[in-house]
Amino acid sequence: MKQVEDSEILEKFANERTKNEAFNLLLTKYQQKIYWHVRRLVIDHDDADDLVQDIFVKVWKYLANFRSDSQLYTWMYRIATNECITFLNKKKQKNNISLDEVSYDLADKLEESTYFNGDKIQRKLQQALLTLPEKQRLVFNMKYYDDLKYEEISEITGTSVGALKASFHLAVKKIESFLLSTD
């Protein structure tokens with residue numbers, strides 16, 4: 001099946017008669033990418049599922065205001081990233097715990113998850129990622145898993161390319177250290 005261009009999706013979305021079709025095309029093109037981006041940040045499948053629904057509700061609500069000064073997927077990743085950060089901060093506040101404790105909770109969920117079918121090495125990598133500060137984890141996930149360019153990550157996060165490169169480098173060093181210390 002031919003991949004639909006973002007410009008075609010936006011054009012269809014602007015027309016009231018083809019608005020629903022456009023949104024279905026958008027979901028087909030981006031739902032899985034957004035899900036895995038969210039899932040890597042919040043770990044839990046059910047939380048990720050709920051967040052993805054919320055994200056696409058926001059996309060539906062605000063897509064008419066999209067100005068095309070960025071790419072559609074970077075705009076959606078920014079919404080997804082902000083939703084994840086808000087979710088993790090609420091979780092931290094609701095449980096009155098530190099972000100480190102949230103990370104331990106997420107690591108436990110990773111161990112128990114029936115949805116995570118990664119091998120031992122993938123599980124270790126995910127545990128290492130949970131030891132990183134939120135920003136480093138976010139940058140690492142976007143660069144390593146989503147294969148985004150630093151310029152795209154900069155658009156999504158509002159952080160300079162130089163700072164992103166430094167965050168990624170630090171994240172890699174911390175992950176290496178974690179993996180070497182847990183052998």
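**Close-up views of a predicted helical chain**

View 1. Asp46 belongs to helix H3, which spans residues 45-62, and on the surface Asp46 gathers with Asp49, Asp50 and Asp54 in a patch of negative charge. Helix H3 is also where confidence is highest in the chain, at a mean pLDDT of 95.

**View 2. The whole chain and its confidence.** The chain holds nine helices and zero strands, and along the sequence these elements follow the pattern α-α-α-α-α-α-α-α-α. Of the 183 residues in the chain, 45% are buried. The mean pLDDT of the chain is 85, with 85% of the residues reaching 70 or more, while confidence is lowest in helix H5 (residues 99-112), where the mean is 52. Where pLDDT is low, the predicted coordinates should not be read in detail.

**View 3. The salt bridge between Lys29 and Asp6.** Side chains of opposite charge can pair when their charged atoms come close. In this view the side chains of Lys29 and Asp6 meet in a salt bridge, with 2.9 Å from N to O. Because Lys29 lies in helix H2 (residues 19-42) and Asp6 in helix H1 (residues 6-14), the pair ties together parts that are 23 residues apart in sequence. Lys29 has a relative accessible area of 17% and is therefore buried, and Asp6, with a relative accessibility of 17%, likewise counts as buried. By the rule used here, the count of salt bridges comes to six.

**View 4. The salt bridge between Asp146 and Arg40.** Asp146 forms a salt bridge with Arg40, and the closest N and O atoms of this pair are 2.4 Å apart. The pair links distant parts of the chain, since Asp146 is in the loop between H7 and H8 whereas Arg40 is in helix H2, 106 residues apart. Asp146, at a relative accessible area of 16%, is buried, and Arg40, at 11% relative accessibility, also counts as buried; the cut-off behind both assignments is a relative accessible area under 20%.

**View 5. The loop between H7 and H8, at Asp147 and Lys149.** Asp147 lies in the loop between H7 and H8, and Lys149 is found in the loop between helix H7 (134-145) and helix H8 (150-157). Most residues other than glycine have a negative phi. The phi of Asp147, however, is near 55°, a positive value in a residue other than glycine. Asp147 counts as exposed because its relative accessibility is 62%, and Lys149, with a relative accessible area of 52%, is exposed as well. Lys149 and Val161 are 12 residues apart along the chain, and their C-alpha atoms are separated by 9.5 Å.

View 6. At a relative accessibility of 48%, Ser68 counts as partly exposed. The side chains of Arg67 and Asp69 meet in a salt bridge, with 3.2 Å from N to O. Arg67 is exposed, at a relative accessible area of 65%, and Asp69 counts as exposed at 58% relative accessibility, because a relative accessible area over 50% is what the term exposed requires.

How values were computed. Residues are numbered from 1 along each chain as its sequence is written. This is a predicted model: local features need pLDDT of at least 70, side-chain atom pairs count only at pLDDT 80 or more; totals for chains, interfaces and linings use all residues. Side-chain values use heavy atoms; hydrogens and water are left out. Patches are made of residues with over 30% relative accessible area and no salt bridge: like charges are joined within 9 Å, nonpolar side chains (Val, Leu, Ile, Met, Phe, Trp, Tyr) within 5 Å. Accessible areas come from the Shrake-Rupley method with a 1.4 Å probe; for residues, only the protein chains shown count as cover. A salt bridge is a side-chain nitrogen of Lys or Arg within 4 Å of a carboxyl oxygen of Asp or Glu. Lys and Arg count as positive and Asp and Glu as negative; His and the chain ends are not counted. The place of a charge is taken as NZ of Lys, CZ of Arg, CG of Asp or CD of Glu. Helices (H or I, at least four residues) and strands (E, at least two) are DSSP runs, numbered from the N terminus. pLDDT is the predictor's confidence in each residue, from 0 to 100. Buried means under 20% relative accessible area, exposed over 50%, partly exposed in between (1.4 Å probe, protein chains only).
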